[in-house]
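Q: I have a structure open and would like to go through it. Can we take it piece by piece?

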Amino acid sequence: MTIDDFTLFFRECLVFDDDTEDGLDFESLYGLYISWCRLNHLPLDSEASFGRALKLLGFHGVRHNHHKSYIGLRMTGPAARDYIVHTEGCWDEFRSFSSWDGAEARKSLLAS
């Protein structure tokens with residue numbers, strides 16, 4: 001992938017919020033990149049190539065608890081939605097909700 005493709009990814013998928021101490025870790029950024037590539041039918045570069053592109057474009061992470069974070073970056077756009085929906089942790093809550101028995105809960109509410 002060319003540096004122009006990476007630049008397009010950053011423009012379409014990230015916003016900078018300089019009023020926050022929060023940011024995105026490298027794993028989340030790379031996951032967002034995977035979603036963006038999939039949605040745009042583009043070949044996927046390795047994590048190492050993605051990391052080099054981050055540096056070339058002036059993004060420098062801060063090490064915290066053995067993870068690199070990019071302070072002030074937030075996800076946006078269709079690739080962000082795709083990434084969030086396909087993130088495993090997101091589905092844990094859904095799985096517990098899907099096993100909830102609504103009929104039983106309604107009976108309990110009506111009985112009280």
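A: We can go through the sheet, one of its residues, a helix and the aromatic rings. Keep in mind that this is a predicted model.

Q: Ok, sheet first. What order do the strands come in?
A: The order is β2-β4-β3, with 3 strands in an open sheet and antiparallel pairing.

Q: Which ones are the edge strands?
A: β2, residues 23-25, and β3, residues 62-64, are the edge strands. Each of them pairs on one side only.

Q: What holds strands together in general?
A: Strands of a sheet pair through backbone hydrogen bonds, and the pairing can be parallel or antiparallel.

Q: How many bridges join β3 and β4?
A: There are 3 bridges between β3 and β4, which covers residues 67-71. Within this part, R63 stands opposite K68 of β4.

Q: And how much twist is there from one strand to the next?
A: The twist averages 40 degrees.

Q: Switching to L24. Where is it found?
A: L24 is in strand β2.

Q: Is L24 buried or exposed?
A: L24 has a relative accessible area of 11%. Buried means under 20%, so L24 counts as buried.

Q: What does L24 touch, leaving out residues up to four places away in sequence?
A: L24 touches L14, L29, K68, S69, Y70, L73, R74 and M75. Take K68 from that list: L24 and K68 are 44 residues apart in sequence, but their C-alpha atoms are 8.5 Å apart in space.

Q: Now the helix. Where does α2 lie?
A: Helix α2, residues 26-39, lies across β2 and β4. It runs at about 85 degrees to β2.

Q: What span should α2 have?
A: At 1.5 Å a residue, its 14 residues should span 20 Å. The end C-alpha atoms of α2 are 20 Å apart, which agrees.

Q: How many residues of α2 are buried?
A: 10 of the 14 are buried, so α2 is largely enclosed by the rest of the structure. The buried residues are F26, S28, L29, Y30, G31, L32, Y33, S35, W36 and C37.

Q: What comes just after α2?
A: H41 does, with a positive phi of about 55 degrees.

Q: Last topic, aromatics. How many aromatic pairs are there?
A: A search of the whole structure gives 13 aromatic pairs.

Q: Which residues form the aromatic cluster?
A: One cluster is made of F6, F9, F10, F26, Y30, Y33, W36, F50 and F59. The buried residues of α2 include F26, Y30, Y33 and W36.

Methods
Residues numbered from 1 in each chain as written. Predicted model: local features only at pLDDT ≥ 70, side-chain atom pairs only at ≥ 80, totals over all residues. Heavy atoms only, no water. Pairing = 2+ DSSP bridges. Helix = DSSP H or I, 4+ residues; strand = E, 2+ residues; numbered from the N terminus. Axes fitted to C-alpha atoms, helices over the stretch in contact; angles between N-to-C directions. Contact = heavy atoms within 4.5 Å. Phe/Tyr/Trp six-rings, centres within 6.5 Å; stacked < 30°, edge-to-face > 60°. Buried < 20%, exposed > 50% of the residue type's maximum accessible area, 1.4 Å probe, protein only. Expected span 1.5 Å × (residues − 1).
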